[in-house]
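Open the model in your viewer and keep the selection tool ready. This tour goes from stop to stop.

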Amino acid sequence: MTEKTLVLLKPDAVERNLIGSILIEYERNGLKIVEMKLMKASPKLAEQHYAEHNGKPFFNRLVAYLTRSPLVALILEGENAISRVRSLNGTTDPENSPDNTIRALYGLSLSENTVHASDSKESADRERAIWFG
Ligand code: CMP
């Protein structure tokens, strides 16, 4: 099934000049970039994006991080794109992420884990609407 998923190359990725190194991983795996923009997220946008974490102890830190400098938002399309991108990204905590996943290669910490990708069809639809209208 062809799917679309929302990916963020978070501020730590852009700050460390990793945009190209990360995009090449998706493109080499046959995923198509169908939308993409470099932007600074507003607090409102970050809060919407992380709505499910509102109230958690790390919520304010998460919003501060996502808004501190520009990020790249993109939509990737491909066969089973949602699960394939999650596999390429690896686990939330880079420390435990399998070898050669994007977070194992580039992630700094649980809070600054370099990339985000939608975790289900429902979140992909919701997050695509938030970032691309
Ligand atoms: P992401 O996949 O973008 O979605 C939610 C984010 O919350 C996750 O990446 C982590 O960066 C962050 N996160 C999850 N759990 C914790 C935690 N215990 N402490 C700090 N950040 C967390």
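This is a predicted model: local features need pLDDT of at least 70, side-chain atom pairs count only at pLDDT 80 or more; totals for chains, interfaces and linings use all residues.

**Stop 1: the core.** Select Val7, Leu9, Ile22 and Tyr26. These have the most contacts inside the largest nonpolar core, which has 19 residues. Now colour the elements that give two or more residues to this core: β1 (2-9), α1 (11-15), α2 (19-28), β3 (71-79), α5 (81-89), α6 (102-106) and β4 (115-117). Another core, of 16 residues, lies apart from it; Met39, Ala41, Ile130 and Trp131 are among them.

**Stop 2: Tyr26.** Which residues does Tyr26 touch, not counting those up to four places away in sequence? Show Val7, Leu9, Leu31, Leu76, Val85, Leu88, Asn89, Ile102 and Val115.

**Stop 3: α5.** Pick Ala81, Ile82, Val85, Leu88 and Asn89, which are buried in α5. They sit on the same side of α5 because they cover an arc of only 130° around the axis. Look at what lies against them: the buried residues of α5 pack against β1, α2, β3, α6, β4 and α7.

**Stop 4: the largest pocket.** The largest pocket holds about 440 Å³ of space. Select Tyr50, His53, Leu62, Thr92 and Asn113; of the 21 lining residues, these are the closest to the pocket's centre. Two or more lining residues come from each of α4 (59-67), β4 and α7 (121-132). With three residues, α4 gives the most. Colour the lining by class: six residues are nonpolar, eight polar and seven charged.

Definitions and conventions: Residues are numbered from 1 along each chain as its sequence is written. Side-chain values use heavy atoms; hydrogens and water are left out. A nonpolar core is a set of buried Ala, Val, Leu, Ile, Met, Phe, Trp, Tyr and Cys residues joined through side-chain atoms within 4.5 Å. Buried means under 20% relative accessible area, exposed over 50%, partly exposed in between (1.4 Å probe, protein chains only). Helices (H or I, at least four residues) and strands (E, at least two) are DSSP runs, numbered from the N terminus. Contact means heavy atoms within 4.5 Å. On a 1 Å grid over the protein atoms alone, a cavity is a set of points where a 1.4 Å probe fits but cannot get out, and a pocket is an open set with protein on both sides within 12 Å along at least five of seven lines; lining residues have an atom within 4 Å of a point. Grid points are joined across faces, edges and corners, and a volume is the space filled by probe spheres set on the points. Ala, Val, Leu, Ile, Met, Phe, Trp, Tyr, Cys and Pro count as nonpolar, Asp, Glu, Lys and Arg as charged, and the others, Gly among them, as polar. The arc is that of the directions from the helix axis to the C-beta atoms.
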